[in-house]
Amino acid sequence: MNRLNEKIAVVTGASRGIGKAIALRLASEGADLVVTATTLASAEKTASAVEKLGRRALPLAVNVADFDEASALMKETLAQFSRIDILVNNAGITRDNLLIRMSQEQWNEVIDVNLRGTFNCIRAATKPLMKQRSGKIVNITSVVGVMGNAGQANYCASKAGVIGLTKSVARELAPRNIQVNAIAPGFIKTDMTDDLPDDVKEGLNTTIPAARIGEAADVAAAVAFLASKDADYMTGQVLHVDGGMAM
Ligand code: NAI
């Protein structure tokens, strides 16, 4: 497929897991990539995988929680590629704990990366997107941002916040032909979920109608769709990629 030929895509947190799968999927559909991660070395690894697919890639170290770094990311993207067509806000972290034991640091860190980080990148990209009068923003939320989850009050609040942010920005930017949607993955096999204890994983498995854990590629396929012309008349939506967990 070449749905994304000549498109410039920025993917945050693309060193591994879902973000890396998204970067490679967008590249395989023809997009050139700005690949960001917390360290340059890890961004470079994904960038060279993108280049092996025959696309251009700019690796950058960006902490999305920092407003100025998010602004610099968009400036460097414009300097290198002259436009931004697709922004995928994928960077995210967990700091799980029951509320009774949750520290302010655990709360703040998760809100800072997942919610503030998404705001920072959207805010920095909005002006160029508005000038272009076209663009796609895809925010990675989570099924637990809709359902809630014991032990993840910080994470669920951040992901629910991303949904509210998505819908509000979708309304603001729709007249400029910019579509803003979210994807809510369920339980996807990555380093983030590998950290969960085995009994928690087994318990989660029984709550998935599809009776299997998802793959990063399942999420990447949905991102490619929302980033393409095929989704031009969709905005403000939350697309679940969760094997039927939330319905
Ligand atoms: P992961 O831990 O494997 O990868 C997270 C990525 O975010 C890494 O590249 C990391 O370097 C980057 N990152 C972390 N802090 C950052 C910061 N301050 N600035 C920039 N980048 C930063 O996680 P995974 O599983 O690939 O998750 C990707 C996204 O999908 C996250 O937003 C996560 O919340 C979401 N998600 C994951 C699910 C899963 O089951 N794995 C389920 C639902 C949502």
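## Close-up views of the predicted model

**View 1. In the ligand site, a polar side-chain atom of Ser15 lies 2.7 Å from an oxygen atom of the ligand.** The model is predicted: local features need pLDDT of at least 70, side-chain atom pairs need pLDDT 80 or more, and totals for chains, interfaces and linings use all residues. Residues are numbered from 1 along each chain as its sequence is written, and side-chain values use heavy atoms, without hydrogens or water. Arg16 also places a polar side-chain atom 2.6 Å from a ligand oxygen. For Thr190, a side-chain N or O atom is 2.5 Å from an oxygen atom of the ligand. Around the ligand there are 27 residues (a heavy atom within 4 Å). Ser15, Arg16, Asn90, Tyr155 and Thr190 come nearest.

**View 2. Seven strands form an open, parallel sheet.** Their order is β3-β2-β1-β4-β5-β6-β7. Strands are DSSP runs of E with at least two residues, helices are runs of H or I with at least four, and both are numbered from the N terminus. Strands pair if DSSP finds at least two bridges between them. β3 (57–61) and β7 (238–241) are the edges; each has a single partner strand, so one side of each lacks a neighbour in the sheet. From one strand to the next, the twist averages 15°. Four bridges join β6 (residues 178–185) to β7, and the two run parallel. Pro185 stands opposite Val241 in β7.

**View 3. Helix α1 (residues 17–28) packs on the sheet.** It touches β1 (8–11), β2 (32–37), β4 (86–89) and β5 (135–140); contact means heavy atoms within 4.5 Å. The direction of α1 makes about 175° with that of β1. Angles run from 0 to 180 degrees between N-to-C directions, with axes fitted to C-alpha atoms, for helices over the stretch in contact.

**View 4. Helices α3 (residues 67–81) and α4 (residues 104–132) pack at about 35°.** Their axes are 8 Å apart. The crossing is right-handed (the near helix is turned clockwise from the far one by less than a right angle). From α3, the contact includes Phe67, Leu73 and Met74; from α4, it includes Phe119, Cys121 and Arg123. By class, ten residues are nonpolar, two polar and one charged (Ala, Val, Leu, Ile, Met, Phe, Trp, Tyr, Cys and Pro are nonpolar; Asp, Glu, Lys and Arg charged; the others, Gly among them, polar).

**View 5. Asp230 is found in the loop between α9 (216–226) and β7.** Beyond its neighbours within four places in sequence, Asp230 is in contact with Arg3 and Phe225. Its side chain makes a polar contact with that of Arg3 (3.0 Å). Such a contact is a pair of N or O atoms within 3.5 Å; within protein, one must be able to donate a hydrogen and the other to accept it, and residues adjacent in sequence count only if both atoms are side-chain atoms.
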